[in-house]
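Reader: I would like to go through this structure with you, beginning with the overall picture and then turning to the helix packing. Could you keep the answers plain and give the cut-offs as you go?

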Amino acid sequence: MRKTILLVLALFVSVPALSAAPGTAQNFLDRANRLKAKGPLAFFDSDYGRLKAEATAVGKSIGDDRIAAERAGKPILYCSPNARAQLGSYEFIDGLETIPAGQRVTMSLKDAMIQVLQRKYPCRR
């Protein structure tokens with residue numbers, strides 16, 4: 001009986017460790033793919049609004065960082081024509097999928113978005 005309880009506890013402890021932590025690029029991608037599989041019904045899922053708001057907030061933060069870097073005369077991380085770069089939702093998801101899974105698990109969504117923007121808008125140095 002004691003071994004059974006320990007086995008069950010070990011399973012409960014290890015299962016959350018298998019999923020990506022909230023706020024990581026992998027967690028965002030998992031949630032986006034789950035919604036994508038729903039097709040048009042994804043718009044009615046409560047997670048749709050949260051996912052969109054999360055991506056919008058990260059994008060705004062990156063744009064603000066770029067504007068601040070330009071004003072301070074520091075190097076910018078991506079070279080789009082405008083500080084607020086355009087990135088479609090599918091384009092962003094496809095960009096996330098190009099990042100190796102091992103990196104996505106620990107990478108913040110902001111770092112992942114910067115990496116996608118750097119691929120789309122590389123700086124000529």
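Reader: What share of the contacts in the protein with a separation of 6 or more comes from residues 24 or more positions apart?

Author: Residues 24 or more positions apart account for 59% of those contacts, where contact means heavy atoms within 4.5 Å. This is a predicted model, in which local features need pLDDT of at least 70 and side-chain atom pairs count only at pLDDT 80 or more, while totals for chains, interfaces and linings use all residues. Residues are numbered from 1 along each chain as its sequence is written, and side-chain values use heavy atoms, with hydrogens and water left out.

Reader: How many helices and strands are there in the protein?

Author: The protein has 6 helices and 0 strands, and its pattern along the sequence is α-α-α-α-α-α. Helices (H or I, at least four residues) and strands (E, at least two) are DSSP runs, numbered from the N terminus.

Reader: And what percentage of the residues is buried?

Author: Buried residues make up 31% of the 125 residues. Buried means under 20% relative accessible area, exposed means over 50%, and partly exposed lies in between, with a 1.4 Å probe and protein chains only.

Reader: On to packing. At what angle do the axes of α2 and α3 cross?

Author: The axes of α2 (residues 25-37) and α3 (residues 46-72) cross at roughly 135° and come within 11 Å. Axes are lines fitted to C-alpha atoms, for helices over the stretch in contact, and angles run from 0 to 180 degrees between N-to-C directions. The two helices α2 and α3 are therefore oblique to each other. Angles under 35 degrees count as roughly parallel, over 145 as roughly antiparallel, 65 to 115 as roughly perpendicular and the rest as oblique.

Reader: Is that crossing of α2 and α3 left-handed or right-handed?

Author: The crossing of α2 and α3 is left-handed. A crossing is left-handed if the near helix is turned anticlockwise from the far one by less than a right angle, and right-handed if clockwise.

Reader: Which residues of α2 and α3 meet there?

Author: From α2, Phe28, Arg31, Ala32, Arg34 and Leu35 meet Asp47, Tyr48, Arg50, Leu51, Glu54 and Ala55 of α3. The residues of this contact of α2 with α3 divide into 6 nonpolar, no polar and 5 charged. In that division, Ala, Val, Leu, Ile, Met, Phe, Trp, Tyr, Cys and Pro count as nonpolar, Asp, Glu, Lys and Arg as charged, and the others, Gly among them, as polar.

Reader: How do α2 and α4 cross, then?

Author: The axes of α2 and α4 (residues 89-98) come within 10 Å, with a crossing angle of roughly 130°. That makes α2 oblique to α4, and the crossing of α2 and α4 is left-handed. Among the residues that meet are Phe28, Leu29 and Ala32 in α2 and Ile93 and Leu96 in α4. By class, the contact of α2 with α4 has 8 nonpolar, 1 polar and 2 charged residues.

Reader: Let me stay with Leu29. Is Leu29 buried or exposed?

Author: Leu29, which is in helix α2, is buried, with a relative accessible area of 3%. Leaving aside neighbours within four places in sequence, Leu29 is in contact with Ile93, Leu96, Glu97 and Arg104. Leu29 and Ile93 are 64 residues apart in sequence, yet their C-alpha atoms are 6.7 Å apart.

Reader: What about α3 and α6: at what angle do their axes cross?

Author: The axes of α3 and α6 (residues 109-120) cross at roughly 65° and come within 10 Å. The helices α3 and α6 are therefore roughly perpendicular to each other, and α3 passes α6 in a right-handed crossing. Residues in the contact include Val58 and Ile62 of α3 and Met113 and Leu117 of α6. The residues of the contact of α3 with α6 divide into 7 nonpolar, 2 polar and 3 charged.

Reader: New topic. How many aromatic pairs does a search of the whole structure find?

Author: The search finds 2 aromatic pairs. Rings of Phe, Tyr and Trp (its six-membered ring) pair if their centres lie within 6.5 Å; planes under 30 degrees apart count as stacked, over 60 as edge-to-face and the rest as tilted. The ring centres of Phe43 and Tyr48 are 5.0 Å apart and the planes are at 70°, so this pair is edge-to-face. Phe43 counts as exposed at 56% relative accessibility, whereas Tyr48 counts as partly exposed at 28%.
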